[in-house]
Amino acid sequence: SDVNHNDSPSSSTKSSSQTLWVPEQSSNNNNSYGKSNKLNNADNNDDSNATDKHKRVKIDHKREQERARKRAREATIKNRYVPPLRQNVVHMLANEFPQIDFVANGGIQTMADVQGIVNNNRSNAIGAMVGRSAINHPCSFASADTLWCSTSDYGEASDQLQLNRPTRGEVLQKYIAYCDNEEERLSSYGVSQETIDNLRQRLVAVPFHLFMGEEGNDAYQRRVKKLMSKTVRIKASSILTGAASFIPPETLNKCVDDHVPWKDIPIYEGAYRRSSAMQKVVY
């Protein structure tokens, strides 16, 4: 049969839709020249025929976005363990290239691990970098400043540093004053309310684990998370002050250096391990 090459294809186009269509894989579709007349006639039909030929699949965009966020969280957490840490490599490189300053990072859980790296005479590593461990249990690293304030360098100043250690309540009160100063400073620039809200959320997240392992910590964290949604009307200092009322006085008066070891703190993991702030445990 002859093929009419002068016939132009149909110029009708379908309007945009919120759904996606997936072409069916049918064995009846034959693109040979012998069937070209039938195809040309089909092009002149209404768009309703196209609907019958194609399967439409509705996409739940919110669900897909949540799945993407979940995959991103899992990839972030998995990336911290795969490939496994090789902590001895940094010490080998530090000894091989003494003219370069190397800092150990990864797998450091306690202050004893930091002291072991700093005081290691067989390695030229100059220090250690700590991330999630210091966020999850900041008071366990409260004595870090004593590493570089030795008596030989600072004399009486080092002794005063050892004696005048603040309590958790004093640390929180100083930070509350800092929050007010930051909000006033940013407001003086004429920033938007949205910027102020973002600042308040970041400020409140910092002392979230200040009382980790201590009595009243669970009630304090629950109160902070509940008030986080009200940063439009409530200042960061007011949120922290209100949450601190759930902490007993003996915990507020406890020195920051006096802490419960991380291994002795019970951790009840939820359904997902999360790496963002304001979590019971930041992975």
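I began with Arg168, which counts as buried at 0% relative accessibility (buried means under 20% relative accessible area, exposed over 50%, partly exposed in between, with a 1.4 Å probe and protein chains only). Arg168 sits in helix H9. I noted that helices (H or I, at least four residues) and strands (E, at least two) are DSSP runs, numbered from the N terminus.

The model is predicted: local features need pLDDT of at least 70, side-chain atom pairs count only at pLDDT 80 or more, and totals for chains, interfaces and linings use all residues. Residues are numbered from 1 along each chain as its sequence is written, and side-chain values use heavy atoms, with hydrogens and water left out.

Next I asked what Arg168 touches, not counting residues up to four places away in sequence. The list includes Cys139, Leu210, Phe211, Glu214, Thr251 and Leu252. Lys254, Cys255, Val256, Asp258 and His259 are also on it. Contact here means heavy atoms within 4.5 Å.

**Whole protein**

I looked up the overall make-up. The protein has 13 helices and four strands. Of its 283 residues, 27% count as buried. Among contacts with a separation of 6 or more, 69% join residues 24 or more positions apart.

Two packed helices are described by the angle between their axes and the distance between the axes. I took axes as lines fitted to C-alpha atoms, for helices over the stretch in contact, with angles from 0 to 180 degrees between N-to-C directions.

H9 spans residues 168–187 and H10 spans residues 193–205. Their axes come within 11 Å and cross at roughly 160°. That makes H9 roughly antiparallel to H10 (under 35 degrees counts as roughly parallel, over 145 as roughly antiparallel, 65 to 115 as roughly perpendicular, the rest as oblique). The crossing of H9 and H10 is right-handed, meaning that the near helix is turned clockwise from the far one by less than a right angle.

From H9, the contact residues include Tyr175, Tyr178 and Cys179. From H10, they include Thr195, Ile196 and Leu199. By class I found seven nonpolar, two polar and four charged. Ala, Val, Leu, Ile, Met, Phe, Trp, Tyr, Cys and Pro count as nonpolar, Asp, Glu, Lys and Arg as charged, and the others, Gly among them, as polar.

**H12 and its neighbours**

Which residues of helix H12 (residues 236–244) are buried? They are Ala236, Ser237, Ile239, Leu240, Ala243 and Ala244. Seen down the axis of H12, they fall within an arc of 160°, so they line one face of the helix. The arc is that of the directions from the helix axis to the C-beta atoms. The cover over these buried residues includes H9, H10, helix H11 (217–227) and helix H13 (249–252).

I then checked H10 against H12. Their axes come within 9 Å and cross at roughly 35°. This crossing is right-handed too. Arg200, Leu203 and Val204 of H10 meet Ala236, Ile239 and Leu240 of H12. That contact has five nonpolar, no polar and one charged residues.

H11 and H12 pack at about 150°, with axes 8 Å apart. That makes H11 roughly antiparallel to H12. Tyr220, Arg223, Val224 and Leu227 of H11 meet H12 residues including Gly242.

Asp218 lies in helix H11. At 42% relative accessibility, Asp218 counts as partly exposed. Its C-alpha atom is 9.3 Å from that of Ile247, 29 residues apart along the chain.
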